[in-house]
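Hi,

Here's the structure I promised to pass on to you.

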Amino acid sequence: MKSKKWLAACLAVVLGAGVVVSGCGGAKKDAPAGDAQKPKYTFRLAEAHPSDYPTTLGDKKFAELVNERSKGRIQIKVFDSAQLGDEKSVVQQIQMGSLEFTRVSTGNLAEFNKAFGVYSLPYIFNDDAHVWRYLDSESGKQMLASLDKSKMVGLAYYSSGSRSFYTKNPVKSPDDLKGMKIRVIQNAINIDLMKAFGASATPMAYGEVFSALQTGVIDGAENNAPSYLTASHNQAVKNYVLDSHQRVPEVLMMSKLAWDKLSEEDRALIKQAAQDSVPYQKEQWNKFEKDAMDKLIKSGVVVTEVKDVKPWQNAAKPVIDKYGVDFKAELEAIQKLAK
Ligand code: GTR
């Protein structure tokens, strides 16, 4: 019989690093070569959204593919609804290696890897197809690969639509934002963007926005329709102006420290599974986004379409003037992919 000490050691490994070593998994030393001798892993994946949200569905598809293709040897458990912390703290856990996987917004990544700030620049993409042409381009791929330098391994991009303002009082033109306190994802570009609109940026974690809207600490926030709906922000503020100022894709990633411990074969399996989960995530996104908009309207949200984006672009121009030089190559690549 295996001793209590052995069990304690195994539990420490499982709870600490998220890794189950073969000995703990019960493989015999003299087992024949093959899968039985390969290491077993139990990893965690942190997700901020609820269980039926399209990014969470993408995460689960990814976990399922890894499980299937490794014949159960690599298990990834998805912790949704920010159970493992807000996105900023989750990225820090990834960098420290205390967490293996997460899905986060590139809006949050800008503070950890400057290159990702490009996605927070206003009105640089025309639509989702334009975003994906860029994400699938050499420049988009290189950017994902550059996460290596920040102790993360970018596995895939996921769809996230576009972000628009929702506010207590209606906003019809950029001028209406003047003096409003708007919650943003914490990054320098977002703060400058609100300044350009004459609003004041209030950075805070996603999970705090609902009560800040309800208590009037802020006058509004901005996000895509699925987030506006599933975070119940529509219960607090009901004016949605579709200016689509940002298209900040999501990133599925792994901790570089955990990645470095894997065999080449397991890395390839994980990377491929992540890529193969993308079409499913996109499909779920497109469906959910449409449903979310219908539900928002049914809940009493007043939607204002933006027919002419020019005045919005003009108001936000100081941001492009300030950061354009830093992202010259990326912006040129994005521009070239506009149709
Ligand atoms: C959502 C995004 C989340 C989170 C949130 C926010 O669109 O999917 O990861 O970044 O926005 O505004 O904080």
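Below is what turned up when I looked at the aromatic rings, one of the helices and the salt bridges.

One thing before we start: this is a predicted model.

Let's begin with the rings. A pair of aromatic rings is described by the distance of the centres and the angle of the planes. Searching the whole structure gives 15 aromatic pairs. Take Tyr53 and Trp285: their ring centres are 6.2 Å apart and their planes meet at 65 degrees, so this pair is edge-to-face. Where do these two sit in the chain? Tyr53 is in the loop between β2 (40-46) and α3 (54-69), while Trp285 belongs to helix α13 (residues 278-298), so the pair links distant parts of the chain, 232 residues apart. Both Tyr53 and Trp285 are buried.

Are they buried or exposed? Tyr166 has 0% relative accessibility, so it counts as buried. Tyr240 is buried too, because its relative accessible area is 2%.

There's also an aromatic cluster to look for, made up of Phe116, Tyr119, Phe125, Tyr134 and Tyr157.

The charged end of Lys61 sits over the ring of Tyr280, 4.9 Å from the ring centre. Likewise, Lys282 has its charged end over the ring of Trp132, 3.9 Å from the centre.

Now for helix α3. It has 16 residues and spans 22 Å from its first C-alpha to its last, close to the 22 Å expected at 1.5 Å a residue. Its buried residues include Pro54, Leu57, Phe62 and Val66. Just after α3, Lys71 has a positive phi of about 55 degrees.

On to the salt bridges. Side chains of opposite charge can pair when their charged atoms come close. The count here is 17 salt bridges. In one of them, Asp276 meets Arg69 at 2.8 Å, N to O. Asp276 is in helix α12 (residues 264-276) and Arg69 is in helix α3, so the bridge ties together parts that are 207 residues apart in sequence. Asp276 counts as partly exposed at 32% relative accessibility, and so does Arg69 at 39%.

Another salt bridge joins Asp192 and Lys322, whose closest N and O atoms are 2.9 Å apart. Here too the pair links distant parts of the chain: Asp192 is in helix α8 (residues 188-196) and Lys322 in helix α14 (residues 310-323), 130 residues apart. Asp192 is buried, with a relative accessible area of 13%.

An α-helix has 3.6 residues a turn, so residues three or four places apart point the same way. Asp321 is partly exposed at 48% relative accessibility, and Lys317 is partly exposed at 45%.

Last one: salt bridges that share partners join Glu47, Glu87, Arg103 and Glu250 into one network.

Happy browsing!

How values were computed: Residues are numbered from 1 along each chain as its sequence is written. This is a predicted model: local features need pLDDT of at least 70, side-chain atom pairs count only at pLDDT 80 or more; totals for chains, interfaces and linings use all residues. Side-chain values use heavy atoms; hydrogens and water are left out. Rings of Phe, Tyr and Trp (its six-membered ring) pair if their centres lie within 6.5 Å; planes under 30 degrees apart count as stacked, over 60 as edge-to-face and the rest as tilted. Helices (H or I, at least four residues) and strands (E, at least two) are DSSP runs, numbered from the N terminus. Buried means under 20% relative accessible area, exposed over 50%, partly exposed in between (1.4 Å probe, protein chains only). A charge sits over a ring if NZ of Lys or CZ of Arg is within 6 Å of the ring centre and within 35 degrees of the ring normal. The expected span of a helix is 1.5 Å times one less than its number of residues. A salt bridge is a side-chain nitrogen of Lys or Arg within 4 Å of a carboxyl oxygen of Asp or Glu.
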